[in-house]
Amino acid sequence: MTAEISALDLEEAGAVLAAESARFASFGWMRGTSGNLSVVLARDPLRLAVTASGHDKGELTPADVVLVDGQGAAVQGGKPSAEAELHARVAALTGAGAVVHVHTVASVAMGRREPGGIVFRDLEMLKGVGQPAHDVEVTLPVIANSQDMKVLGDRLEAARDPRMPAVVVAGHGLYVWGDSPKQARHHTEVVEWLLELELSQR
């Protein structure tokens, strides 16, 4: 792909992100204006469409999206999410095509209870993140929060487990990624299910 992103490309990406945001908002995972989503539109140089800052995620339109560069700075459109830099860092680090950030009760609660990471084992739902259902332990990393996206990105890079396409940010929420918006959605729903199960058993 090239870095030449047309207005139509951005609008189409905005439509996808608006639909995904509405889905997550309907679950109560993006309350108020919280949370943000992105999709990679080009790799060289890196360009992402990121949901715009300050909008109700259940009411986004295709226009409520910003094109950002590999540092999360706006290239086209309005004001991106304050966490756009972290989205770009995740995309560059993991090769992901889409990144989801939601604020779920289960992720915050479990992050507090298991600050060293949340271990899952012997669960069929692990197949949803590409892992065997049995005879393996998979850890969902938990990292300390920071308002500095470079610091947060460094923590994510240090803690990341390639077998788990997600991290919990303590006291904040969940970051999840995938090759496409649909895969990122599926990963988000699976990881949240795992977190809710663990929370219900404590």
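**A cavity and a helix pair**

Keep in mind that this is a predicted model. It holds 1 cavity of 30 Å³ or more, and the largest cavity comes in at about 50 Å³.

So who lines it? Click on Leu-17, Glu-20 and Phe-24, then Leu-37 and Ser-38, then Ala-98, Val-99 and Val-100, and finally Pro-181 and Ala-184: together they line the largest cavity. Four elements each put at least two residues into that lining: helix 1, strand 1 (36-43), strand 5 (98-102) and helix 5. Sort the lining by class and you get 8 nonpolar, 1 polar and 1 charged residues.

Now for the two helices from that list. Two packed helices are described by the angle between their axes and by how far apart those axes are. Here, helix 1 (residues 7-26) packs with helix 5 (residues 181-201) at about 15°, and 11 Å separates the axes. Angles under 35 degrees count as roughly parallel, so helix 1 and helix 5 run roughly parallel to each other. The crossing of helix 1 past helix 5 is right-handed.

Where do they touch? On the helix 1 side, look for Val-16, Glu-20, Arg-23 and Phe-24; they meet Pro-181, Arg-185, Thr-188 and Glu-189 of helix 5. By class, this contact has 3 nonpolar, 1 polar and 4 charged residues.

Definitions and conventions:
Residues are numbered from 1 along each chain as its sequence is written. This is a predicted model: local features need pLDDT of at least 70, side-chain atom pairs count only at pLDDT 80 or more; totals for chains, interfaces and linings use all residues. Side-chain values use heavy atoms; hydrogens and water are left out. Axes are lines fitted to C-alpha atoms, for helices over the stretch in contact, and angles run from 0 to 180 degrees between N-to-C directions. Angles under 35 degrees count as roughly parallel, over 145 as roughly antiparallel, 65 to 115 as roughly perpendicular and the rest as oblique. A crossing is left-handed if the near helix is turned anticlockwise from the far one by less than a right angle, and right-handed if clockwise. Contact means heavy atoms within 4.5 Å. Ala, Val, Leu, Ile, Met, Phe, Trp, Tyr, Cys and Pro count as nonpolar, Asp, Glu, Lys and Arg as charged, and the others, Gly among them, as polar. On a 1 Å grid over the protein atoms alone, a cavity is a set of points where a 1.4 Å probe fits but cannot get out, and a pocket is an open set with protein on both sides within 12 Å along at least five of seven lines; lining residues have an atom within 4 Å of a point. Grid points are joined across faces, edges and corners, and a volume is the space filled by probe spheres set on the points.
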